[in-house]
Amino acid sequence: GFNLYGYNSFGDIQGYIEELANKYPSLVRLQDLGKSFEGRKMKLVKISSQPEANNPIIFVDAGIHSREWVAPAMAMYLINRLATDSDAMQIGGILDGVDWYILPVVNPDGYEYSRSSSNKRLWRKTRSKTSNSRCYGVDGNRNYGFKWAVSGVSSDPCHAETFAGSKAFSEPETRMVSSVMMDNRQRIKLYVSLHAYGQYLVYPWGYTGDYLPKQWKKLDSMAKGVSVAVQRAGGKPFKVMSAGKWYPAAGGSDDFAFGAAGIPYSYTMELTEGYEFTYPENLLSKVMPQFYEGFKEFGKRIKKEF
Ligand code: 0X9
Ligand code: ZN
């Protein structure tokens, strides 16, 4: 069954979010988004204590890169705390004045593939068919339709981890995420995509390091505030910069959210310094509560500004 402080199968994750939606029907709602390439059902988790209030929305996704297991684990921890904390709904709590939309596993086909055996553990991409019948998958974080393929991508489906796809939004999974953004673009004020590598909190632009958006100071100061909150909880600080200053790569979900959907705050959050893509399971119970303090800080700042 589902283990809050562990790495779970996609089936156990789905089972747990359905359990929460049944147990707390006025707080947790699920929206069917469609099916992944291999036919897994994608469900958006919507958590709101004031569903009629048209609150600003914070949209969090995780697991576009299948090997980065800590990202879905953190998304599930966030869902658990939002749904079950008695403080969350109180005045000043994380649900006061803000609604949370969470998609915990953007790439379930890749996730299950990377769980299937130790020699598949480092699979990054989706599992769709490509122009070469022996080569599978697209880097979902190069597949979004904003400045698609202008930098940091490959057109080789066989030998590259960063294959951008045959065209923008070739993958059903990235289309579903973009629909969530576009359908709710007036209300989503913050988008956070959870990944794993080092400990970075990066903002647009990702496609270039040559220049920054004109609002970059606001993006930068919110990220630094979140990093301080995580440190206060005993966690390691985030390295804060624009994604493109770290390394330019186009077609990311963060740039699409900011540049195409007009979401004013957009980040890629790379969790857990020191372990690259494979974070030890036994350390999750230590770091997840620290990162949660960062999400509380995001919530406070979004509530204050919008
Ligand atoms: O390269 C990526 O997709 C992300 N790093 S990872 O090691 N998890 O693969 C960083 C993406 C940052 N955003 C953009 N470049 N748009
Ligand atoms: Zn990643």
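In which loop does A149 lie?

Analyst: A149 lies in the loop between α3 (108–116) and α4 (172–183); helices (H or I, at least four residues) and strands (E, at least two) are DSSP runs, numbered from the N terminus. The model is predicted, so local features need pLDDT of at least 70 and side-chain atom pairs count only at pLDDT 80 or more, whereas totals for chains, interfaces and linings use all residues. Residues are numbered from 1 along each chain as its sequence is written, and chains are lettered from A and ligands numbered from 1 in the order in which they are written.

Although A149 is not a glycine, its phi is positive, at about 65°. A149 counts as partly exposed because it has 17 C-beta neighbours inside 10 Å; the class lies between buried (20 or more other C-beta atoms within 10 Å, with C-beta atoms placed from the backbone) and exposed (12 or fewer). N54, in the loop between β2 (41–47) and β3, also has a positive phi, near 55°, without being glycine. N54 has 10 C-beta neighbours inside 10 Å and therefore counts as exposed. A further loop, between β6 (200–203) and α5 (216–232), holds W205, and the peptide bond from P204 to W205 is cis, with omega near 0°.

The strands named here belong to an open, mixed sheet of 8 strands, in the order β1-β2-β4-β3-β5-β8-β6-β7; strands pair if DSSP finds at least two bridges between them. β1 (28–35) and β7 (239–242) are at the edges with a single partner strand each, so one side of each has no neighbour in the sheet. From one strand to the next the twist averages 20°. β1 pairs with β2 in the antiparallel sense over 7 bridges, with D32 opposite K43. The hairpin of β1 and β2 has 5 residues between the strands, and G39 there has a positive phi near 95°. β2 is mostly covered, with 6 of its 7 residues buried, and 3 bridges join β2 to antiparallel β4 (residues 99–103), where Y101 faces K46. β3 (residues 57–62) and β5 (residues 188–196) pair in the parallel sense over 6 bridges, and S193 is the bridge partner of D61.

α7 packs on this sheet, touching β5 and β8, and its direction makes about 170° with that of β8; axes are lines fitted to C-alpha atoms, for helices over the stretch in contact, and angles run from 0 to 180 degrees between N-to-C directions. α7 (253–260) and β8 (265–271) each also supply at least two residues of the shell around ligand 1. The shell has 14 residues, of which H195, Y197, G206, A243 and G252 come nearest; a residue is near if its C-beta atom, placed from the backbone, lies within 6 Å.

Apart from neighbours within four places in sequence, I79 is in contact (C-beta atoms, placed from the backbone, within 7 Å) with I17, L20, V45, I102 and P104.

Conventions: Two residues are in contact if their C-beta atoms, placed from the backbone, lie within 7 Å.
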